Protein chains: 2
Amino acid sequence: MMFEAAEVGRKVSKQAFKEQEPGLHTQLLEVQRALRGSNTPVIVIVSGVEGAGKGAVVNRLHAWLDARGMRTATFWEESDEEQDRPRFWRFWRALPPRGTIGVLFGSWYTRPIIDHVFEHIDEAAFDRELARIATFERMLSDDGALIVKFWFHLSKDVQRKRLKRDLKEGHKSLSTSIVKKFTKHYDTFAAVSERAIRETDTGQCPWHIIESADARYRDLTAGATLLNAIRGRLATQSSDTTSKPPNLELCAPQTPDATITILDHVDLSAALDADEYEHRLEQAQKRLGGLCWSARRKRRNVVAVFEGWDAAGKGGAIRRVTAAMDARLYRVISIAAPTDEEKAQHYLWRFWRQIPRAGYVTIYDRSWYGRVLVERVEGFTHPHDWMRGYREINEFEEELTDHGVVLLKFWIHMSGDEQLRRFEERGVTPWKQHKITDEDWRNRERWDDYNQAVNDMVTRTSTEFAPWTLVAGNDKKSARVQIAETFCERLASALADDG
Amino acid sequence: MMFEAAEVGRKVSKQAFKEQEPGLHTQLLEVQRALRGSNTPVIVIVSGVEGAGKGAVVNRLHAWLDARGMRTATFWEESDEEQDRPRFWRFWRALPPRGTIGVLFGSWYTRPIIDHVFEHIDEAAFDRELARIATFERMLSDDGALIVKFWFHLSKDVQRKRLKRDLKEGHKSLSTSIVKKFTKHYDTFAAVSERAIRETDTGQCPWHIIESADARYRDLTAGATLLNAIRGRLATQSSDTTSKPPNLELCAPQTPDATITILDHVDLSAALDADEYEHRLEQAQKRLGGLCWSARRKRRNVVAVFEGWDAAGKGGAIRRVTAAMDARLYRVISIAAPTDEEKAQHYLWRFWRQIPRAGYVTIYDRSWYGRVLVERVEGFTHPHDWMRGYREINEFEEELTDHGVVLLKFWIHMSGDEQLRRFEERGVTPWKQHKITDEDWRNRERWDDYNQAVNDMVTRTSTEFAPWTLVAGNDKKSARVQIAETFCERLASALADDG
């Protein structure tokens, strides 16, 4: 899912590129000048899949920036000089001095990822490498470095085509066997990379995943994101080196083509007629009721998180799910504003306290994801804090699933038009009027911000142990069936794994 | 070595305790009142060896503090309620709200340590647990929590006596077999605990190791350290939650008995007559010369760090060592102030750049330890930064030794009187006058501060992969022989491990 968000077809037209590029170029030069007088070294990590055009990006950055304040280091084969020294020596050599930009083409990530893909190191060793990398980056960052990490992504399909084209055009470094090798290992490589990115995606040094099928989008986004990161750092520069907010935002050009998100790929045309709806829902409910008792017997907890747009139908979907369950086995928790007691603790505390004993189903109507949705969009929380949220949530969910909790997460998506229709309907239907408030209308104005926040949330917290399910919510019936059936499948497969 | 610094015999007289206790009590109550209005929860972790009187400390803290703003949680056997939930649930339950103090008697450290001591989990799993703990603590700390971690230590011998006494006095929880078990596993327990402490001894959440043979010293030090930590936090409280300096200092009462350091245990009476000196030095040098060639053949690097008081005889000792080596194999690096180019990088950068290819000996006359010695004592570096130094240095040295570097570290100790004698001698000996400067006299005034800094350095950076050797330096001959012989032994044993 992390990478799916970079397979949505983002692109920038020739025209838009022509319009934006000169401004970006000028601003990059300006910010580079300002950087020169500062105490900050900027470390740009360029990584990603083969064929994504990492070399082209680096060349573009060189065209945009002043060569006197930047240096690019490549890490191909280790020299014998390097092999004779501890592994990080080659990276220390390449670190930029304060006030300059160092582009690392390949980096400390390359070897652990490759080694794990080809099974030269096992998972425990890989995790240890990642922990070491995180420590290393934190050390540099604590010392004042700004680390901007780019991952350039291509889908499997696009990669194959790209490599074949490059091969035809006679790229020196390619051969048919190399192309085959990349294609063959694509999935493993993606899974390993995803883990590497997630484990090192800290608030202090976040990753930026950039879709690279379109070169113009790729380059403009990388350039603007770098610009924004340096600018943000310089703006908050203070003598206190620990108080610098990182900058998480991916700065895509603000054109429709370049701001497509993973939500735009949800097929909202799905719809069910009444008969099919009732039949399938009934089937799923029957199955779900039994599965919940099996979970109880196996002492497995189930946690289901429901998030979605206002009026997307969370409540209705939850009722259809709970209708299938024995009332003694489940509990629905509606998350509203925290109590005073909860405010006096870490924001995750109130979710920890709700964790039931083994064998129960807990359903959250809104959840801990408020941290990176409403708290982010409405500015209730300092960026420092919500940016750390993704990783904290991943850790939290890993704790749960390590303990055997089956964790389901639903985002009920819908179109803006459909939301408007429902809002208006609520406005005129007396018994639905209480469901619509001024706040709902205000939230609606922030649709784009929420859209971005949801995209980031799904990208950064869809893990192999707790993936998101994006639900097509324009048709309520279809949404409810999708949820009930997904619930069954995930639960059944988790229980089957127990043997 | 980490624990040896807590086996030096620190104690507080009845008289001194009586004098200090009322003031400490009053100040703790004051600071607790001030804490109440703040955003900071204080988490006090009470851990350590069996018999160290952890329960007594907790009771003392309860006597000193206002019960309305504190709560103690004990983590004995997991309840069935707790077993049914993810492992950290019991700790989340016990976290104190902002403005209050939570004393955790036993903590998230207990189980991983016990599990690893009794080999229920292997080293990789143990490391993973420690990484998770570090992440957890960082999360709480990022959120504004002040985490004060105490480790109460007893030497093996004192523990055995203590447990036997407790047994005789009829402590309910003790039996002869339990006492035997603790004594039997003491060394393993110490080694595992040391690793746990080192891996989680971050600048943000540092450990305090408190010698616990004397109850008065133990309690006063714990109380004063807690007081100091809370006070430090409240003083720097700002809206920016990330900019709070941790507080590393152990606040022992300032009496001679309570401020004994590991250096006071170096036997400075060691001395050699000229004959024995020449004979043993010659033997060691011969052996060392051969060992360096073996290291060369085996492509092992040797790094030797020399630190010590001014006029302790580092230069002379280094010359005796290098006299044994082929000039093509070694290099002596004198660390002075960093160059402009070096200042523009992380402080470790200048040491990384000096790392030789495989098969060489590098001798550092002063080293990266300047970070936690002169930079700390003279205030050249912000406490934020040098406090991170210990862990950064440990990581650095682990990188080196992981790569096969044999790392030796010598601190040449001497008495203040002997230093004075040498300074005065230098002052009147024409050809030695250049060796003594005003700065040396100034440093001398800071003897106690340096003493404390050296104690912390040796405690926090003496690792199983790179232990410190404390050299008795009052007699130069004896010091040189000790160094040359230690050099041989460490190098020989490292090369022997290679087979």
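Colleague: Into which domains is chain A divided?
Modeller: This is a predicted model, and the bounds come from an automatic or database domain assignment. Chain A is divided into two stretches, domain 1 (4–260) and domain 2 (264–497).

Colleague: How many Å separate the centres of domain 1 of chain A and domain 2 of chain A?
Modeller: The centres are taken over C-alpha atoms. Between domain 1 of chain A and domain 2 of chain A, the separation is 33 Å.

Colleague: How many residues does the contact take from domain 1 of chain A and from domain 2 of chain A?
Modeller: Two residues are in contact if their C-beta atoms, placed from the backbone, lie within 7 Å. On the side of domain 1 of chain A that touches domain 2 of chain A, the residues divide into 8 nonpolar, 2 polar and 2 charged. The contact takes 12 residues from domain 1 of chain A and 14 residues from domain 2 of chain A.

Colleague: By what turn can chain A be laid on chain B, and what relation is that?
Modeller: In general, two copies of a chain are related by a rotation about an axis and a shift along it. Here chain A is laid on chain B by a turn of 180° and a shift of 0.0 Å along the axis, with an RMSD of 0.0 Å. That is therefore the relation of a two-fold axis.

Colleague: Why do the copies meet through the same surface?
Modeller: The contact takes 41 residues from chain A and 40 residues from chain B. The copies meet through the same surface because interface residues of chain A are also interface residues in chain B, and the share is 98%.

Colleague: Which element gives the most to the side of chain A that touches chain B?
Modeller: The elements that give two or more residues to this side are α4 (89–94), α6 (123–142), α13 (349–352) and α15 (383–402) of chain A. By class, the residues of the side of chain A that touches chain B are 16 nonpolar, 7 polar and 18 charged. The most comes from one helix, with 8 residues: α6(A).

Colleague: Is α5(A) oblique or roughly parallel to α8(A)?
Modeller: Helix α5 (residues 110–117) of chain A packs on helix α8 (residues 176–199) of chain A with the axes 9 Å apart and an angle of about 135°. Angles of 65 to 115 degrees count as roughly perpendicular and those over 145 as roughly antiparallel. The angle between α5(A) and α8(A) therefore makes the pair oblique.

Colleague: Which residues of α5(A) meet α8(A)?
Modeller: The crossing of α5(A) and α8(A) is right-handed. Its contact residues divide into 6 nonpolar, 4 polar and no charged. On the α8(A) side are His185(A), Thr188(A), Phe189(A), Val192(A), Ser193(A) and Ala196(A), and they meet, from α5(A), Pro112(A), Ile113(A), His116(A) and Val117(A).

Colleague: Is the crossing of α5(B) and α8(B) left-handed or right-handed?
Modeller: In chain B, the axes of helix α5 (residues 110–117) and helix α8 (residues 176–199) come within 9 Å and cross at roughly 135°. That makes α5(B) oblique to α8(B). The crossing in which α5(B) passes α8(B) is right-handed.

Colleague: Is α1(B) roughly parallel or oblique to α9(B)?
Modeller: Helix α1 (residues 14–36) of chain B and helix α9 (residues 215–235) of chain B have axes 10 Å apart and pack at about 30°. Angles under 35 degrees count as roughly parallel. So α1(B) and α9(B) are roughly parallel.

Colleague: How many nonpolar residues has the contact of α1(B) with α9(B)?
Modeller: The crossing of α1(B) and α9(B) is left-handed. Among the residues in contact are Phe17(B) and Leu24(B) of α1(B), and Leu220(B) and Ile230(B) of α9(B). Beside 3 polar and 2 charged residues, the nonpolar count is 11.

Terms used: Residues numbered from 1 in each chain as written. Chains lettered and ligands numbered in written order. Predicted model: local features only at pLDDT ≥ 70, side-chain atom pairs only at ≥ 80, totals over all residues. Nonpolar A, V, L, I, M, F, W, Y, C, P; charged D, E, K, R; others polar. Least-squares fit on C-alpha atoms with pLDDT ≥ 70 in both. Axes fitted to C-alpha atoms, helices over the stretch in contact; angles between N-to-C directions. Helix = DSSP H or I, 4+ residues; strand = E, 2+ residues; numbered from the N terminus. Left-handed = near helix turned anticlockwise from the far one by under 90°.
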